[in-house]
Amino acid sequence: MPWYGRIEKPTARRKTGASRTDVAKHLRISGRVQGVGFRYSMSEEAERLGVTGWVRNRRDGTVEAVLDGAPDAVDAILAWARRGPRGASVTEVEVSEIPESFERFEMRPTE
């Protein structure tokens, strides 16, 4: 099955238990961020850091992502997103908190 056939539905955040100290953030990344391997590189970085969520290109030329995980891991991938992979030129990263959690990290089709 192609990767875009595995779109995961977000789950509601649990309110109990120590494991729910995780945070989730929605990102919109601007600049030269398409055609440079941004989504693939972010997926690799998320796996390395144990962060779940998703990433996709937007038709307006930005990259959109949702990150879910431990606060230090989310901060680390957010710092990475401000630089991006080799060949990218990030000019802005808009960040907002969201109330969702995910089981894995995936690339989603352009929207």
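1. Helices (H or I, at least four residues) and strands (E, at least two) are DSSP runs, numbered from the N terminus. Under that convention, Gly87 sits in the loop between α2 and β5.

2. On provenance: the model is predicted, so local features need pLDDT of at least 70 and side-chain atom pairs count only at pLDDT 80 or more, while totals for chains, interfaces and linings use all residues. Residues are numbered from 1 along each chain as its sequence is written, and side-chain values use heavy atoms, with hydrogens and water left out.

3. Overall layout. The protein chain holds two helices and seven strands, in the order β-β-α-β-β-α-β-β-β from the N terminus. Of its 111 residues, 44% are buried; buried means under 20% relative accessible area, exposed over 50%, and partly exposed in between (1.4 Å probe, protein chains only). The accessible surface is about 6300 Å², with 48% of it belonging to carbon and sulfur atoms; areas come from the Shrake-Rupley method with a 1.4 Å probe, and for residues only the protein chains shown count as cover.

4. Contact range. A contact means heavy atoms within 4.5 Å. Among contacts between residues at least 6 apart in sequence, 78% join residues at least 24 apart.

5. A nonpolar core is a set of buried Ala, Val, Leu, Ile, Met, Phe, Trp, Tyr and Cys residues joined through side-chain atoms within 4.5 Å. The largest one has 22 residues, and Leu27, Ile29, Phe38, Met42 and Leu67 have the most contacts inside it. Two or more residues each come from β2 (23–32), α1 (38–49), β4 (63–69), α2 (71–83) and β5 (89–97). The largest share, six residues, is given by α2. Apart from this core lies another, of five residues, including Ala24, Trp54, Val66 and Ile98.

6. Leu67. With neighbours within four places in sequence left aside, the contacts of Leu67 include Val23, Ala24, Lys25 and Leu27, as well as Met42, Val51 and Thr52. Val74, Ile77, Leu78 and Phe105 are also among the residues that Leu67 contacts.

7. Strand β3. This strand (residues 52–57) is mostly covered, with six of its six residues buried. Thr52, Trp54 and Arg56 point one way, Gly53, Val55 and Asn57 the other, and all are buried.

8. Pairing of β3. Two strands pair if DSSP finds at least two bridges between them. β3 and β4 run antiparallel and are joined by six bridges. They form a hairpin with five residues between them, and Gly61 in the turn has a positive phi of about 95°. With β7 (residues 105–107), β3 pairs in the parallel sense over three bridges; there Val55 stands opposite Met107.

9. Asp68. This residue lies in strand β4 and is the bridge partner of Thr52. Asp68 is buried, with a relative accessible area of 2%. Its side chain reaches the backbone nitrogen of Phe102 at 3.0 Å, a polar contact (a pair of N or O atoms within 3.5 Å; within protein, one must be able to donate a hydrogen and the other to accept it, and residues adjacent in sequence count only if both atoms are side-chain atoms).

10. Back to Gly87. Its relative accessible area is 32%, so Gly87 is classed as partly exposed. Not counting residues up to four places away in sequence, Gly87 touches Arg32 and Val36. Gly87 and Arg32 are 55 residues apart in sequence, with their C-alpha atoms 8.1 Å apart in space.
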